[in-house]
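Have a look at the picture, then read on.

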Amino acid sequence: KLNSIESKIFSARTLATYGHFLLKGDEAIEVFMKARVIAEEAVEMDSNNDEAHVEAAHSMGRYSQLIGVVTALKEGFAERIAFHLDTAITINPKNVNAQIAKGSWNAEIVDKAGFMANILYGATSDQARDHYNKALDLKGNEIGVLYEVAYGLSLLGKKKDVVMAKGLLILALEIEPKNYLDSLYLNKIDTLLEGL
């Protein structure tokens with residue numbers, strides 16, 4: 001209820017995380033849409049706040065994953081997400097969430113659009129890897145960072161990416177969880193490792 005940019009960023013992040021980990025279907029879509037509105041209010045309050053841009057992209061990205069990346073591409077979400085992430089990275093290149101999200105933006109589009117990814121959206125596997133490496137350099141000792149990078153690498157499909165993803169997941173399993181979110185990530189790690 002606080003009308004500050006910090007409270008809006010926190011609300012948007014919390015809602016997007018809640019929707020992703022604990023909800024499904026229409027309930028999650030509704031929460032992602034609410035998170036997006038709040039994040040966009042934060043961007044309007046201060047368009048130079050990198051975290052506000054990350055949360056605008058985060059809520060749209062989670063929504064896109066739920067409705068399907070192909071559908072999201074058709075609805076123009078790729079361009080809107082890229083705008084917010086590029087803005088966040090320009091403002092603060094050390095924003096680990098922006099780096100992960102831009103890596104995942106590239107990876108998701110490459111996974112769904114194949115060779116057309118670069119032609120249509122400028123997305124490439126090399127850019128995904130570059131952003132992931134920057135994120136790992138910034139906070140490569142956190143469970144969530146390791147999972148998100150591993151998941152994105154697994155989408156790229158090359159043997160070297162799958163091997164690196166497995167290594168990151170195994171490393172994450174050796175880290176003691178610091179909070180409930182880390183515990184949720186550990187469950188996802190087991191599932192992803194099994195799939196790989």
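**Notes on the salt bridges**

1. There are 10 salt bridges in the structure, where a salt bridge means a side-chain nitrogen of Lys or Arg within 4 Å of a carboxyl oxygen of Asp or Glu. Keep in mind that this is a predicted model, in which local features need pLDDT of at least 70, side-chain atom pairs count only at pLDDT 80 or more, and totals for chains, interfaces and linings use all residues. Residues are numbered from 1 along each chain as its sequence is written, and side-chain values use heavy atoms, with hydrogens and water left out.

2. Start with arginine 36 and glutamate 40, whose side chains form a salt bridge at 3.1 Å, N to O. They sit four residues apart in helix α2 (residues 25-45), so about one helical turn separates them; helices here are DSSP runs (H or I, at least four residues), numbered from the N terminus. Arginine 36 is partly exposed at 22% relative accessibility, and glutamate 40 is partly exposed too, at 27%. (Buried is under 20% relative accessible area, exposed is over 50%, partly exposed is in between, with a 1.4 Å probe and protein chains only.)

3. Next, aspartate 111 pairs with lysine 112 in a salt bridge of 3.1 Å, N to O. Aspartate 111 is partly exposed at 33%, as is lysine 112 at 44%.

4. Which residue does arginine 129 meet in a salt bridge? The partner is aspartate 126, at 2.9 Å, N to O. Arginine 129 is buried at 14%, whereas aspartate 126 is exposed at 58%.

Methods:
Helix = DSSP H or I, 4+ residues; strand = E, 2+ residues; numbered from the N terminus.
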